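Me: I have a structure to go through with you. Can we start with the aromatic side chains and then move on to the rest?

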Amino acid sequence: MSTPTWTARVRESAVSTLPPEKLLADRQPAYVASWIYVFGVLSLSAFVLCLVSGAVIAVAGPAWWHTSSIGRFVNSTHLWSTELFFFFMVVHLWGKFFMAAWRGRRALTWITGAVAFLASIATAFTGYLSQQNFDSQWIGGQAKDGLNASGVGAFFNVLNYGQMLLWHVLLLPLAVGGLIVLHVLLVRRTGVVPPLPVEEE
């Protein structure tokens, strides 16, 4: 009898860790119909819109998004999808906090969501610095003083447009996207957290 190849072992491990019936479940508990459970997928939808609009303006460049009417529209779409992303994510974060969403061996799910939120703040910050307008210059000047005072200014130069654009367009979106994918897979694996039990008097 031949021993299983490494690909077979990887497949078996993946299927046992995340069975297809959990990954693409066709039934959900009744409590998922509550509105508080909607904000996770709304955050995900806004993030996808951020990525699409951001990719378009990154390819076209500042001359396009500052001078073209279509460019300004796509730039505004990117801004407002970011605003919605943060609004939905904050509601989702606080909703799950008050539900104690780390219950039932879901601590890693909670941690990945919280870290994704923090990484999103850094992504938005570098996005403001990449605008190539007076707003970004003022934000960069103020941020430079704060970062220099904390001792990280030598490694994170907010006045270097190329460095901020790299962080905003490539590195941080990859980090946020990876954390979101891991977060969603963990939700699929452990299931959606149920509401807190009602205490009887």
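Me: Which residues form the aromatic cluster?
Reply: Trp 94, Phe 97, Phe 98, Trp 102 and Trp 110 form one aromatic cluster. Keep in mind that this is a predicted model.

Me: Where is Phe 97, and is it buried or partly exposed?
Reply: Phe 97 is in helix H5, which covers residues 69-98. Its relative accessible area is 38%, so Phe 97 counts as partly exposed.

Me: How many aromatic pairs are there in the whole structure?
Reply: A search of the whole structure gives 13 aromatic pairs. One of them is Phe 156 with Trp 167, an edge-to-face pair with 5.8 Å from centre to centre and 70° between the planes.

Me: What does that pair tie together?
Reply: Phe 156 sits in the loop between helix H7 (134-150) and helix H8 (161-190), while Trp 167 is in helix H8, so the pair ties together parts that are eleven residues apart in sequence.

Me: And Trp 167, buried or partly exposed?
Reply: Partly exposed: the relative accessible area of Trp 167 is 29%, and buried would need a value under 20%.

Me: Switching to the fold. How many helices and strands?
Reply: The protein chain has eight helices and zero strands. Its radius of gyration is 21 Å, well over the 17 Å that the globule rule gives for 201 residues, so the chain is more spread out than a compact globule.

Me: What does the C-alpha trace span?
Reply: About 60 × 60 × 40 Å along the principal axes of the protein chain.

Me: How much of the chain counts as buried?
Reply: 31% of the 201 residues count as buried. The accessible surface of the protein chain is about 13100 Å², and 70% of that belongs to carbon and sulfur atoms.

Me: What about contacts between residues 24 or more positions apart?
Reply: Those account for 75% of the contacts in the protein chain with a separation of 6 or more.

Me: Last topic, charges. How many salt bridges?
Reply: The search of the whole structure finds one salt bridge. Lys 144 forms a salt bridge with Asp 145, and their closest N and O atoms are 3.1 Å apart.

Me: Are Lys 144 and Asp 145 buried or partly exposed?
Reply: Lys 144 is partly exposed at 28% relative accessibility. Asp 145 is also partly exposed, with a relative accessible area of 46%.

Note on methods: Residues numbered from 1 in each chain as written. Predicted model: local features only at pLDDT ≥ 70, side-chain atom pairs only at ≥ 80, totals over all residues. Heavy atoms only, no water. Phe/Tyr/Trp six-rings, centres within 6.5 Å; stacked < 30°, edge-to-face > 60°. Helix = DSSP H or I, 4+ residues; strand = E, 2+ residues; numbered from the N terminus. Buried < 20%, exposed > 50% of the residue type's maximum accessible area, 1.4 Å probe, protein only. Rg over C-alpha atoms; globule rule 2.2 N^0.38 Å. Contact = heavy atoms within 4.5 Å. Areas by Shrake-Rupley, 256 points an atom, 1.4 Å probe, with all protein chains shown as cover. Salt bridge = Lys/Arg side-chain N within 4 Å of Asp/Glu carboxyl O.
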